[in-house]
Amino acid sequence: MMLAVYAQGTTLPPRDSFWRRNRFLLALGLILALTAAISLTSASRGRQPVHKGRPLMDWAADLSANDPERATAAREAVLSLGPRAVPTLIRAIRRPDPVLAWPLLEASARWAPATYGTLIRWLGIGSIRAARRHALVALAILGPAAEPAVPALTRLIRRPPSTRNAGEWMQATYALGRIGPAAAQPLATVFSQAPVSLHAHLLNALADLGPQAADAIPTVLSAFERKPDSPWAALAQFLRAAGGDKALAHLYPLLADEDVVLRMRIRDVLSQIAETNLDARAALIEASTTEPGPVRLELLRLLGRLERLHT
């Protein structure tokens with residue numbers, strides 16, 4: 001009888017009420033524990049080369065300083081450290097944001113907005129992201145000496161960027177363009193898989209490589225979206241820098257396309273290539289006698305335009 005009364009007069013709390021009430025704090029504790037573990041691991045292997053008594057990453061942070069003298073001193077320090085700086089810089093760009101940090105921050109903005117800034121500081125996201133940016137700038141300055149960083153930089157740009165990491169994606173792409181021939185094929189491969197909205201950035205990086213990117217021409221041309229509103233100016237800049245005479249044969253068939261605007265874009269590209277490349281101009285002259293009729297007609301128009309520009 002007493003058991004029945006007790007059962008009727010007492011309502012036991014749901015078993016999971018504790019977890020539901022405290023899930024945010026529990027998740028926060030888990031994140032902080034993981035962050036501490038990652039920080040300890042990074043610190044244990046984070047030895048940096050030193051120049052004039054200052055560690056590398058302090059110099060890297062000064063590369064973007066508003067004070068020209070400070071930025072120049074930082075550049076000289078990074079160049080002085082040279083290849084010795086690269087392992088530390090690779091570790092910096094590989095270090096990810098803390099596990100589950102952004103989902104937790106987004107949740108805190110909804111559940112407890114006042115904690116958002118506190119979490120940013122506790123998780124150290126700002127310093128981690130700043131270190132990545134500084135390291136990317138330093139790798140671009142090192143140029144060919146940073147060749148061992150090509151795989152790590154390629155991993156950074158392999159996926160299309162989100163709003164959160166668009167700046168880092170562009171910095172990594174630019175750095176690859178400063179390194180040298182080892183970066184040409186990785187950039188071309190990413191180009192072949194990237195959305196059209198990113199093509200201009202990748203083409204600019206390939207143009208920075210100059211003739212060292214010549215072997216990437218077929219991959220780029222096969223993946224380039226041949227539409228009137230595609231980044232033709234960036235393509236022309238790349239082909240011109242890489243030695244565009246090797247690309248001409250790939251472009252001739254497009255001179256017979258039904259789209260008038262597309263034919264105009266191709267003529268502009270060919271013109272920009274031939275303006276400063278005597279081998280390209282000679283190839284155009286030869287093609288104007290051997291290609292099919294519609295292509296020959298477009299080439300003759302182009303050659304007449306070039307003749308007028310140089311008289």
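A: What follows looks at a pair of helices and then at the core.

This is a predicted model, where local features need pLDDT of at least 70, side-chain atom pairs count only at pLDDT 80 or more, and totals for chains, interfaces and linings use all residues. Residues are numbered from 1 along each chain as its sequence is written, and side-chain values use heavy atoms, with hydrogens and water left out.

Start with helix H10 (residues 166-179) and helix H12 (residues 199-209). Helices here are DSSP runs of H or I, at least four residues, numbered from the N terminus. The axes of H10 and H12 come within 7 Å and cross at roughly 20°. Axes are lines fitted to C-alpha atoms, for helices over the stretch in contact, and angles run from 0 to 180 degrees between N-to-C directions. H10 and H12 are therefore roughly parallel to each other (angles under 35 degrees count as such).

From H10, the contact is made by Trp 169, Met 170, Thr 173, Tyr 174, Leu 176, Gly 177 and Arg 178. H12 brings His 201, Leu 202, Ala 205, Asp 208 and Leu 209. Contact means heavy atoms within 4.5 Å. These residues divide into 7 nonpolar, 3 polar and 2 charged (Ala, Val, Leu, Ile, Met, Phe, Trp, Tyr, Cys and Pro count as nonpolar, Asp, Glu, Lys and Arg as charged, the others, Gly among them, as polar).

Now the core. Leu 153 is among the residues with the most contacts inside the largest nonpolar core, which has 80 residues. Leaving aside neighbours within four places in sequence, Leu 153 touches Leu 176 and Ile 179, among others. Such a core is a set of buried Ala, Val, Leu, Ile, Met, Phe, Trp, Tyr and Cys residues joined through side-chain atoms within 4.5 Å. Buried means under 20% relative accessible area (1.4 Å probe, protein chains only).

Key. Buried < 20%, exposed > 50% of the residue type's maximum accessible area, 1.4 Å probe, protein only. Helix = DSSP H or I, 4+ residues; strand = E, 2+ residues; numbered from the N terminus. Parallel < 35°, antiparallel > 145°, perpendicular 65-115°, else oblique.
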